Amino acid sequence: MMQQPPISGEDIIVSLNRIRLEYGDVTALDDVHLQIRTGEFFTLLGPSGCGKTSLLQLIGGFQDPTYGAVFIDGKDVTRVPPYARPVNTVFQNFALFPHMTVAGNIRFGLEMLGWPRAKADRRVAEVLELVGLAGFGTRFPQELSGGQQQRTALARALGPEPRVLLLDEPMSALDLKLRKEMQGELARLHREAGITFIMVTHDQEEALSLSDRIAVLRYGKLRQVASPEELYHRPANSFVADFLGEANLIPAELLNDGPATGVIMVRPEAVTVRPGAGRVSGVVTERRFLGRGYELTVTHVTGLMLHCLEPSWEPLSLGQVVHLDWDDSAQLWLEQ
Amino acid sequence: MTRRGSTVLSLLPAALIIGVFMLVPLGYAVVYSFLTAGTYGGVEGPFSVAAYVQLVFQRDWDDSLTFDPLYLRIFLRSIGLAGATTVLCALLALPLAWYVATRPKALRMRLIFLITLPFWVNSLIRTYCWVLLLRDQGLINQGLQGLGLTEAPLGLMYNNGAILLGLVYNFLPFMVLPVYAALERIDPRVIDAGFDLYARRWQVFTRIILPLALPGLRGGGAHGSGARDRLLHHPRSLGRRPASDDRQPDPDPVHQRSQLALWCGAVDAFDGGDPSPALGGRGPSGRAPMMSQRWRRSPGLGPYAFVMLAFLYAPLLVLGVYAFNGGTLVTVWDGLSLRWFRAVLVNDDIRRAAVNSLLVATVATLVATAIATLTALTLETLSTRRSGFMAGLVALPLIVPEIVTAVTTLVFFASIHLRLGLGNLILAHIVFCIPFAMMPIRARLQGLGDGLQNAARDLYAPPVAVFRRVTLPLLAPGIVSGALLSFVVSLDDFVLSALLGDAGTTTLPVYVYGMIRRGITPEVNAISTLLLVVSLVLAAVAQGLNRPRRAPKSKNISQQETTTP
C-alpha cells in the first residue's frame, strides 16, 4: 500500500505514519503517528519496555515496521537500509569499534561514504575539536574514560554530517556527575551542529531540561507529544501527569464541591494547607523538613495519599486533621 | 610447616614425574642427536652433527655427500597440507561460527556441544570411518556405481585429497571454536554502528566482523598447524597403500593437544564470564541489544550449518550402522545382526587389549587427577610470575609433539633398563594426562574466585574446613570432568602405547590399528562402534558437568522480559 508523506505547513524532517511493530505476538509499537521538526531536540520518553528504543531503531533503519511508513526529509525510507539513510546513531554503550583508533572510528563512516582522504582527515580533526577530544585521535577506545568514549561516539555519529542524530540512552553508561556535564555538552552540540536530535531516555529530568519537545510513550502507544512546559503543566492524561514530576491525582467524588466523576490533577507545590475549610481533608501522616519548607503527606479517609509543599512557619504535627486547597487555575481535569 | 615449605612439597609430585619422564628424556634426545650411531646399536662418542647432515644429504660409499631431498620433500608436503587444511578449515568454519554466534543462547550452547562432541571419539576410529566411505569397495564408490555414474571404482583413497579431507574433518572444530569465541564477544551494536555509518553488508564483514574474528582465526590456524603432526598418522590410513614400503615413522594421532584447545574453547564458550552481550543474546542491562533481526537473518546459513553437522556425524553414523551388518563383507549390507559384536566379545586378544586399556586408563587417571588437583590448588595461591615456571612445566606434554615424547621416552626407558610391562605405559600416560586433568580444574578454580572462601573464613572456618566444606564441593565438577577427560585421552592414545608397549601390553587402539592394517573386517566396525559409544558418553558427561548453572537463570530473565509489555 502506498503511503503519502504527511502534508504540513511546518518543516518536517522525520515523519512516522501509523507505525505498528510486532515481535511475534508482542506488540512493541501500536499506531504511532509522529512528526519531528527540522532542527529540534526531540525526546522519546517512557518507562522501560515502552517501545521508545524500537521507535528509534525504526528511524535508524534497524527495524522494519510491521505496518506503517517512515519518512525522512519527505522521502519514504521504510524499506531503505541504515547505510542509505541520512541519519546516524549514538549507541547505548557507544559501540565503538575496538580494533580502530578514535580517528579510525570517526573516519569509518566518511570512508564508507567515499569522502576523499584529505577532506575526511579535515572533518575528523574538526569533529574531534567539536567534542573536545583534539589530540586523542590515535588512542584506542579501550584507553579512554567513559566520558571520552561518549564524546568519541558523538564525534563518530556527527562526522558524516547527518540530517538527524539519533541518541539511544546516551547517558546511561555514565555516572551521575559525568551525566550532568554531558547534558550541557549535548545542548551545546545541538546548538552548534544545528541538526535535529532525537534522543531516547527514561530519565524525565534529562528529557525536561534538554528537549524542545517530548513524546511520552507507554505500552507502545504515544500518550502525549508536547513541549516540556506543556507536558508538566497541562498533561493530557493521568499517566503523563504521574510520570513527569510529582502529581496529586484526585478522583472528583472525593472533593467537597464539584462534580461526581472524573479525576483532577494538582501539583504538590500548588496545594496549600488550611486549618478551616478546603476542597479535600485528611490527616498528616508524614512530614519531611526540606529547609525551604515541609513536604507533607496527607492521607484521605479513603487511604489516598496527597502531597503538598508547605512553608516552614506553620509547624503541623502528625495526626492533625488538615484541609487542602488550591487555586482553580492550578487544577486540571484529566481523562481517565 | 612453613607456608613456603608446604607449597614446595605440594608441587613436588607433578614436578618430579614430569621432570623425570619428560624433561630428562628430552635432554637425552638432544644429547644423543649429536653422537654417532654405534656399530652394534646404541650410540657412541665423539660429538658429531652427522645425524643432522643426514636429513638433507646422503653419504655415498666414497664418503661424498649428495643432496637427498627425501626428508625435505616429506617436510614440504606436510607444510603444504597443513596450510591447505588451515585455509579450508577457516573458509568452512567462519560461516558456521557466525551462524552459531547469532543463535539464541540456549541453541548456541547446544550447537557448540554438537560440534565438539564427535571429536572426543578416538581419532583412529574417526579416520577409519572415512576409510569405510572412500575405499574402492566403500559406500561412495558403491553408490556411484549403483547409480551407473561410474563403471570402475574411483581411486578416492591414497591421495592428497583424501588426506586433506581427513585433516579438514579432524580440524574443523578446532577452527570453529576459537572463531566462534571471538565472534561471540563482538558487541552487536558495533555491527549496527557499521551499517549506520553507511557500510554495506560486505564492508561490514570485511571491515568489522573479519578483523574482530581474526584472533580466533589465528588461534584456529595455530591448532591447524598441528595438522603437520597428524600427517604422520593419516598417510598410513588414507594416503598410502597398506602394502607399500614406507620409510616414514609410524606414529599416530597427536590431536590431544588440539583436543585441549577444544576443551579450553568449550570451557570458554560455556563458562566465559564475559558480560558483553553475545550476538544473539541480550545486553548487560537485560535489554535486547540493538542488532535487529534484519542482520541476524542470514539466508542459507541454516541449511549450511545442517550440512556441516551432517559432515561431522555422517561418517560416525555409517560406522555405527555397518557394525550391525550380518555379512562378512565390510560394506556390503547383508541383514541386521549382532554377530560381530559377539565375535568381538569372545575374542580373547580383544578382551586382553581392552583390559590393558582400561587398567592403564584407570590408574593413569586416578594418579594424574590427584596430582593435577594438588598442583592446581597450589598454583592458584601463587602469583602469576611465581607459578609461571611450574605451569609451563605441566603444560610441556601438550607442547611437545606426541611422537617426540614417545620416541624420547622409549630411548630413556631403554637406557635405564626400565621394564615394568604395563607400568612403563602407565608412567607415560600419567605424564600425558596431568595437563588434561588440570585444565577443567583450573578453569573452575579461576571461576570461583576467593569470595566464597573468604566468606567461609569470615564465618570462622579453619583452613581445613574451608577446603572440605567450600572449596572441594565447588571444585568437584571440575575434578570429575578432569578425570573423565584424562580417561578419554588415555583410552584414545595410540602413539605412546604403540611405541612403548611390548608383546603383553597391547592396548585397544593399538590392537584395532593392527586389525585395520591386516585387512578391514566387520569385526573392526563392531569394536570401533563400542569405543565410539564409550567416548561419546564420557565426553557428554564431562562437558555437561562443566557447564555453569548460570544458564537457567538467564532464561528466567528473558522470560520475564518477554512477559512485560
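How many residue pairs are in polar contact between chain A and chain B? In this predicted model, the count is 6 residue pairs, with both partners at pLDDT 80 or more. By class, the side of chain A that touches chain B comprises 21 nonpolar, 11 polar and 6 charged residues. Two elements of chain A, β6 (87-90) and α2 (102-112), each supply at least two residues of this side, and α2(A) gives the most, with 4 residues.

The interface as a whole brings 38 residues of chain A into contact with 29 residues of chain B. About 3,000 Å² is buried between chain A and chain B, and carbon and sulfur atoms give 59% of this area. Within chain A, the residues that lose the most area to chain B are Phe62(A), Tyr83(A) and Met112(A), which together account for 24% of what that side buries. The count of salt bridges between chain A and chain B is 1. A salt bridge is formed between the side chains of Glu111(A) and Arg207(B), with an N to O distance of 3.0 Å.

The two chains were also characterised separately. Chain A contains 8 helices and 18 strands, whereas 25 helices and 4 strands are found in chain B. Of the 336 residues of chain A, 52% count as buried; in chain B, buried residues make up 51% of 565. When contacts between residues at least 6 apart in sequence are considered, 63% of those in chain A join residues at least 24 apart, and the corresponding share in chain B is 77%. The accessible surface of chain A comes to about 14,800 Å², with 51% belonging to carbon and sulfur atoms.

Within chain A, Val70(A) is placed in strand β4 (residues 67-72). Val70(A) has a relative accessible area of 0% and is therefore buried. Residues up to four places away in sequence aside, Val70(A) touches Ser15(A), Leu16(A), Ile19(A), Leu58(A), Ile59(A), Lys75(A), Asp76(A), Val77(A), Thr78(A) and Arg85(A). Of these contacts, Leu58(A) is 12 residues away along the chain, and its C-alpha atom is separated from that of Val70(A) by 7.6 Å.

Over all chains, the count comes to 24 salt bridges. One of them joins Arg18(A) and Asp31(A), whose closest N and O atoms are 3.2 Å apart. Because Arg18(A) lies in strand β1 (residues 12-23) and Asp31(A) in strand β2 (residues 26-37), this pair ties together parts of chain A that are 13 residues apart in sequence. Both partners are partly exposed, Arg18(A) at 43% relative accessibility and Asp31(A) at 42%.

The side chains of Glu169(A) and Lys52(A) also meet in a salt bridge (3.8 Å, N to O). Glu169(A) lies in the loop between β7 (164-168) and α5 (176-193) of chain A and Lys52(A) in helix α1 (residues 52-60), so the pair ties together parts that are 117 residues apart in sequence. Glu169(A) and Lys52(A) are both buried.

Glu185(A) pairs with Arg188(A), with 3.2 Å between the closest N and O atoms. Because these residues are 3 apart in helix α5, about one helical turn separates Glu185(A) from Arg188(A). Glu185(A) is buried, at 15% relative accessible area, whereas Arg188(A), at 21%, counts as partly exposed. Both residues belong to a network of salt bridges that also links Arg151(A), Glu181(A) and Glu192(A).

Notes
Residues numbered from 1 in each chain as written. Chains lettered and ligands numbered in written order. Predicted model: local features only at pLDDT ≥ 70, side-chain atom pairs only at ≥ 80, totals over all residues. Heavy atoms only, no water. Contact = heavy atoms within 4.5 Å. Buried area = accessible area lost by both parts, 1.4 Å probe. Salt bridge = Lys/Arg side-chain N within 4 Å of Asp/Glu carboxyl O. Polar contact = N/O pair within 3.5 Å; in protein donor to acceptor, adjacent residues only side chain to side chain. Nonpolar A, V, L, I, M, F, W, Y, C, P; charged D, E, K, R; others polar. Buried < 20%, exposed > 50% of the residue type's maximum accessible area, 1.4 Å probe, protein only. Areas by Shrake-Rupley, 256 points an atom, 1.4 Å probe, with all protein chains shown as cover.
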